[in-house]
Amino acid sequence: MPKSKKSANPINLNDPQYYLNRELSWLEFNQRVLHEACDSRTPLLERLKFLAIFSSNLDEFFMVRVAALKQQVEAKVTLLTPDGRTPQQQLDDIRLNLSPQVAKQHQHFDEVLRPLLASHGIHILDYINLNQRQRTHLDNYFKEQIFPVLTPLAVDPSHPFPYISNLSLNLAVVVKNPDTEEELFARVKVPNVLPRFLPLPTELGIQENGQPANWTGVPLEQAIAHNLDALFPGMNIQEYHPFRITRDADITLAEDEADDLLLAIEQELRKRRIGGNPVRIEIQSQTPEPIRARLLQDLDLTDSDVYELDGLLGLRDLMYFMALPLPELKDPPRQSVVPLRLQRLRAPTVDEDVMEMEEGKDFFAVIREKDLFVHHPYQSFSATVVRFITDAAHDPNVLAIKMSLYRTSGDSPIVNALIAAAENGKQVSVLVELKARFDEENNIYWARRLERVGVHVVYGLVGLKTHCKTILVVRREKDRMRRYVHIGTGNYNPKTARLYTDLGLFSCREELGADITEVFNFLTGYSRQKSYQELLVAPVNMRDRFLALIQREIENVQNGFSGRIVAKMNSLVDPQIITTLYEASRAGVQIDLIIRGICCLRPALKDISENIRVISIIGRFLEHSRIYYFYNNAQEEIYIGSADWMRRNLDRRVEVITPIKDTDIAKDLQEILGIMLADNRQAWELQADGSYIQRRPGDDCPEASSQITLMNMALRSTGVTTNLLDSKKSLSYTE
């Protein structure tokens, strides 16, 4: 039996040495993303995709996290992070850690991926290497398609330095007046309304063995740069240098002072389009010092804000190449499956009592039989979640639908179903979270469209984001009302549901229905419910319940029993949770954490966290689901929901976590955790110093990819027998 460890000297578990920095941990996560681009086992175009994701992630990191740190420095904030760093120290460490990552990204693209692309018939050429026919074509294309869009802006005493928009790619141009020999400075913006990469016609592309290559073209900025004479006629072009700006793009909103939250956020969005203060400038390393100094002065930036790069700027635009019809260079096609219980659903009808039907059951009859568990993207989102809402919208026995929308797609079938429900006379209430970062504009559009058809739209609570993923359907069945619920870990977005791993539970258990009703009353009215029958709800009882669940494992070990915790989430940041996990480890509780992104806990510290192991899984799908398992002296409890163990989730958001009562679903979730713990293809192990080491199959151990094995598990749910990889790991623990 594990025994509780006693220390002669008390240890301060709040000591900064026991915590990793949040920002540096995020950079470690993004470095794991970059590794996927460098891993030769990843299909070629998928490697380009990961390079683009790495860059896109960095853009958001600077727009939000770095911008906030710079504001703190400017405001002379002296508050230390749990790991003991000041805002300025964090900025310094970010730069120190990030610079080699960015250099590695660009070096890998230029020296490895670009030649590999060429070997597969994808030629990203430099303009100077084009032949005359190719140049003539692009010059004509410039005159017809590009030139009319461009606006060269002079910079001199009568023309102040122009505003440079956020994430824009630009050319700093130096021209000379041949009459006065005076050198003049100008800026040309590379328009984002045109494709970043310009393809050449097939007949002008590279020919390979007498056949045209798959794609041949050049970056847009090079086509502009080599036609600058057309923009500055009569001037001599001296030099040009590309640069790219990142600005503060976070929305700051005084909610308690806003009379109309929707209007206030719209006004803030206008400010974001203009952009806040610059926080980063990317330039090519060969940019001359006078140009560099001019840009820094005019943009009010310092040397620490400059990232000098070799090669193309803005590699997030490499996502363009994922549209090429070259399936052999991408991940194999994956077809989401429909669970066996849902394969014979009948279309909803208006003249039959489904309570009396045995064949051709509807969705509600399936849920009445027992709770239904779904795992996306392995199981179809459209055939489960979208079908549930669509059926509810058209079912004459459904009286009301309530739903929380944090993010959804631009052509959302879910919103269309809600509109249909309102038009069919049902009571429809939707919580649209207007403060979902970078989705505010999309959510405003849907909120207004829903309101126009009579949906009751609520915009959330002052001071809190509504992040829970919940649906409540109220249905009349004979002489009673029954409540059906869906509680998920991910957004109601059909597009991201194909890319993110998420979980969902459908149930009509009375306790869950009552709890979700109370949650919606909390969101739409003045209810301040303090207790729930089953749900963990933030910011009401979730923190206390999680702490109590961890403490129970500690007490079990102290009483001579085994203690075991397995938790899967996106981020672990909350100091109180971390401290309590340290206490559990010191008591002898065995803890495995599967954390995709930020982890501020240090594992494997002697006498502190030697019973804690942390892995991160990075692969084809974004691991987004949250699962919490507690051994509870063999009376196992397992939970799923929307919340990570972060302060913002536990204290500043409305979140919902549900216990899993169905034993079959609980076993499925335990199997999922076991599969992920055994992953030796995409899993990385966190070290005590904050670095990660990627697992590799041993000589006598086959490769075990959790994402492949989970697809096999989903196939099994359809009734198909598969040979599952032997990658299961028991969640129980014995010494």
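Start with the second largest cavity, which holds about 80 Å³ of space. A cavity here is a set of points on a 1 Å grid over the protein atoms alone where a 1.4 Å probe fits but cannot get out; points are joined across faces, edges and corners, and the volume is the space filled by probe spheres set on them. Select His376, Phe381, Gly490, Asn491 and Asp502: of the 15 lining residues, these lie nearest the centre. Lining residues have an atom within 4 Å of a point.

Now colour strand E18 (480-488) and strand E19 (500-507), the elements that each give two or more residues to this lining. E19 has the largest share, with four residues. Helices (H or I, at least four residues) and strands (E, at least two) are DSSP runs, numbered from the N terminus. By class, the lining of the second largest cavity has six nonpolar, eight polar and one charged residue. Nonpolar covers Ala, Val, Leu, Ile, Met, Phe, Trp, Tyr, Cys and Pro; charged covers Asp, Glu, Lys and Arg; the others, Gly among them, are polar.

A quick note on what you're looking at: this is a predicted model, where local features need pLDDT of at least 70, side-chain atom pairs count only at pLDDT 80 or more, and totals for chains, interfaces and linings use all residues. Residues are numbered from 1 along each chain as its sequence is written, and side-chain values use heavy atoms, with hydrogens and water left out.

Next stop: the largest cavity, with a volume of about 100 Å³. Pick Ser55, Leu58, Gln105, Arg280 and Glu282, the closest to its centre among 14 lining residues. H2, H3, E10 and strand E11 (306-309) each give two or more residues to that lining. In all, the structure has three cavities of 30 Å³ or more.

A pocket is an open set with protein on both sides within 12 Å along at least five of seven lines. Select Lys70, Pro278, Val279, Leu301 and Asp305, the closest to its centre of 22 lining residues. Helix H2 (44-74) gives the most to this lining, six residues, while helix H3 (87-119) and strand E10 (278-284) each supply at least two.

Last, where does helix H9 (residues 382-394) kink? Select Phe388: the kink of about 30° is centred there.

Note on methods: Bend = angle between axes of the 7 residues up to and from the residue.
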